[in-house]
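These are my notebook entries on one protein model. I record what I looked up, entry by entry.

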Amino acid sequence: MKRTEGTITIKRLISHPITVLITLLVVAVSLTWGSYKLLSHYIRGDFAEQMEQVVYGLEKDINEVNLAIGIIIVGVASIYIILCYKFLVDYRKYRNEISQMEKSKDLMVIKVSHDGKITYCNRYARETLGYSSKEIREKAIFDVLFKSEYGKIEKLLKAQKLGIITIDLNFLSKNYKKLYTICTVKQIMSKERENTDFHMEISAVDITLFDLTEKDKDQINELYEEIARSEEELQKKYEELCDKKEALQVSEERYSMVIDTASIGIWDWDLKEKKIYCSPKVQEIFNCQTMNEQENIDLGWIHPDNRELVQNSVKLCTLQTEDQYDFECRVLNKYNKYIWVYIVGKILRNQDNTPIRMTGSIADINDKKINEERIKYMAYYDELTGLANKNYLKEIFEEHKEQESTFLYLDVDNFKFVNDSFGYKGGDQVLAESGKRFEYLQNDKVTIARVAADEFAILLKETIREEEIKAFIEKLNRCFEETFIIDQIDFGISFSIGVAIYTKESSDTFEDVLNKACTAMHRAKDKGKRNYIFFEDEFKQHTLEKIQMESELRQAIQKQEFALYYQPQMKIETGKVKGFEALIRWIKEDGTMIPPDRFISVAEETGLMVPIGSWVVEEACRFINKLKESGLDDIYVAVNISVVQLIQDNFAEKIEEIIEHTHVEPERLHIEITETMLMESIDVNIEKVEKIKEKGVKISLDDFGKGYSSLTYLKQLPINVLKIEKAFVDDILQDEKKNITGAIINLGHELSLEVVAEGVEEEGQLEYLKQCNCDLIQGYLFSRPIPEEEAIQFIQDRIK
């Protein structure tokens, strides 16, 4: 770099106009003076003698020396003038080149020294790269390129003879913008220092200035990369590839490579020569190395169910009906197993339209078909039981809609008890085993599907006769007579079944018939479970009535149409009132009273029992306070709790909130819960009940004997009072059954529980209960449920 700058400085000094003028004056004086001396000697006639003496050194006269000096000066000056002239011509050419480079508006020109330093960069290049003249002189060529381009430049710098070549370079601007360029690189040698002082001249065109899409740029980059990778090979084989024959050979080699490495198999059937060519992939699928020697397609490879499809497809093409075909079929693979393949074929014809060749491809789609079958299975079958699902059942129904059929809707009775006892894993085991038992019932006319958690639907095609339906239900029940075993515990399950019949004349949809069967199932469950009921049109009316009842219930809550009636609970020894059971009544604006058995179930199904139940508890607490204000501070009030209330997560907190809000004494509030209700999620429910019991609230077990009546559970329940179910009180008048009631009373006393007998309506019942030492009695024998004011008067009358 320093040597080059020194050379340029000397040249600038010599070529300066003042230097050139002084030089010309010296040359002119020297020529004039030398010519004068030479002419004077010549006139005197001793010119030859003087020259001879100068040459041989015989005379040292100053004139002759001057002559010699003049001659030398003239020679030197002449040479200098010639050099100056040549340099001025070269310098002017150099300045013109620089000027042209600086004026360029679309060409980047960069000159690089042998060590990679940038010695020159035209204005367009500086502006494009974002550097000033000072900044660019401090940069090396590597500073303005991407690292991926370093190898190309290093290779060029090491080259002894470069000439002119074209390459692509990716420049990096100061603001990190990538510039895609095509470059012409020229190596320039210095004649004075050929081996050390040289530079490269890079002329680059920024192709990003052209209207190229991103896709074009990507393709160009890919082409550049491919060209770069193949550059050395192309250089060596350039002369060989000039000829068309060798170019064709390369193309054939590439085609062969594609065929060998393709993921699909290629086959070609020469109909004229009766030869079949198969690519390695085809031979790999069939594990046959001799397929290329066959003259015709061997249908033995094709699955018997697909052979007709293959024959017909080929036949259509050869008969000029079709030009191409495609189909999926199963073929025998190298493991002697059938797999799915996708075959595409196309017929080639000559000028006479005669088939001469058939070519195509074959792809292994077995994994795809397996996945499709798996997706189809998931869409139409239940994974747990292996039975069909609702979607499949609907398709079967639609396919046979012109036929008469019957729907059965099944619900497993008390399945929640199975889940609570054995967990969801145990419940799944029961459902899976049920699916296996249902399989024994399925045939061409019977389709069974799992439509919900523990609900199943059965479609009986071409069956509407009641005798046939009942026979099938009996057969179904026999399949489930065998008990299930989980954790070495035997138990059985039963179904509540709804039946709906579909006739040809019916306009019902699939959902309509299924809903009818479902409605009938719920009626069967309401009537005691392990039962079946045929759908009747009045059920639909009943459903509509329930919807209407729900609407009226919502209005009743808003209008505060509910009231509490109170039925006394008497101390059997003294006949005094110890408490009341609060019973809800719905009295409409027109005075009509709706009995509880008409609206309680609807309120529970719709969830309206939650706000209604909270109102009942709060109203009962208000009545307790009213009794206290009347001087009756030892009277309690018992409130019935619905299962819908109990299953609420905040049940205990809601009771505590009402107690705090009404400031009632917790001991005066009794909560009545049925044993069946407690057994639903027993652990969770007992925890809730224990929580309110700790606050002082008394817990009464209602309707004992109607549900599980398990002594084991009875000992665990956090209760204070045991209420005997009315049915046992009714049995007192029957000699063979009355001892059961006495046993229940004794059991309650053994567990230190207070026993209440409800539904006492006869004197005989009262006498027996006295003999058995029952603690409290309740029933119409003493009082029907009465309004609040009458209840207070009832107590006061008995005190008098």
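**Entry 1. Overall figures**

What percentage of the residues of the protein count as buried? I find that 40% of the 800 residues do, where buried means under 20% relative accessible area, exposed over 50% and partly exposed in between, with a 1.4 Å probe and protein chains only. I note that this is a predicted model, in which local features need pLDDT of at least 70, side-chain atom pairs count only at pLDDT 80 or more, and totals for chains, interfaces and linings use all residues. Residues are numbered from 1 along each chain as its sequence is written, and side-chain values use heavy atoms, with hydrogens and water left out.

I looked up the secondary structure next: the protein has 28 helices and 26 strands. Helices (H or I, at least four residues) and strands (E, at least two) are DSSP runs numbered from the N terminus.

I then looked up the surface. The accessible area of the protein is about 47,300 Å², computed by the Shrake-Rupley method with a 1.4 Å probe. Carbon and sulfur atoms hold 51% of that surface.

**Entry 2. Helices α21 and α23**

I examined helix α21 (residues 651–662) against helix α23 (residues 682–693). Their axes come within 9 Å and cross at roughly 20°. Axes here are lines fitted to C-alpha atoms, for helices over the stretch in contact, and angles run from 0 to 180 degrees between N-to-C directions. The two helices are therefore roughly parallel to each other, a label for angles under 35 degrees. The crossing of α21 and α23 is right-handed, meaning that the near helix is turned clockwise from the far one by less than a right angle.

Which residues of α21 meet α23? I list F651, A652, E653, I655 and E656 in α21, and K688, K691 and I692 on the α23 side. By class, this contact has four nonpolar, no polar and four charged residues. Nonpolar covers Ala, Val, Leu, Ile, Met, Phe, Trp, Tyr, Cys and Pro; charged covers Asp, Glu, Lys and Arg; the others, Gly among them, are polar.

**Entry 3. Helices α13 and α16**

I turned to helix α13 (residues 390–399) and helix α16 (residues 510–526), whose axes come within 10 Å and cross at roughly 115°. This crossing, too, is right-handed. From α13, the contact takes K390, L393, K394, F397 and E398; from α16, F510, E511, V513 and L514. I divide these residues into five nonpolar, no polar and four charged.

**Entry 4. Helices α19 and α28**

At what angle do α19 and α28 pack? For helix α19 (residues 609–629) and helix α28 (residues 788–799) I find about 40°, with the axes 12 Å apart. α19 passes α28 in a right-handed crossing. E619, R622, F623, K626 and L627 of α19 meet E788, E789, A791, I792 and I795 of α28. The class division is five nonpolar, no polar and five charged.

**Entry 5. Individual residues in strands**

K698 is in strand β23 (residues 698–704). Leaving aside residues up to four places away in sequence, K698 touches P666, E667, L669, H670, I671 and N720. With E667, 31 residues apart along the chain, K698 has a C-alpha separation of 6.3 Å.

W269 and G360 are 91 residues apart in sequence and 8.8 Å apart in space, C-alpha to C-alpha.

**Entry 6. Individual residues in loops**

Y176 is in the loop between β3 (164–172) and β4 (178–189). Y176 is not a glycine, yet has a positive phi of about 65°.

N773 lies in the loop between α27 (763–771) and β26 (776–778). N773 likewise is not a glycine and has a positive phi, of about 60°. At 53% relative accessibility, N773 counts as exposed.

R465 is in the loop between β13 (455–461) and α15 (466–479). R465 is partly exposed at 49% relative accessibility. The C-alpha atoms of R465 and I501 are 9.2 Å apart in space, for residues 36 apart in sequence.

Methods. Angles under 35 degrees count as roughly parallel, over 145 as roughly antiparallel, 65 to 115 as roughly perpendicular and the rest as oblique. Contact means heavy atoms within 4.5 Å.
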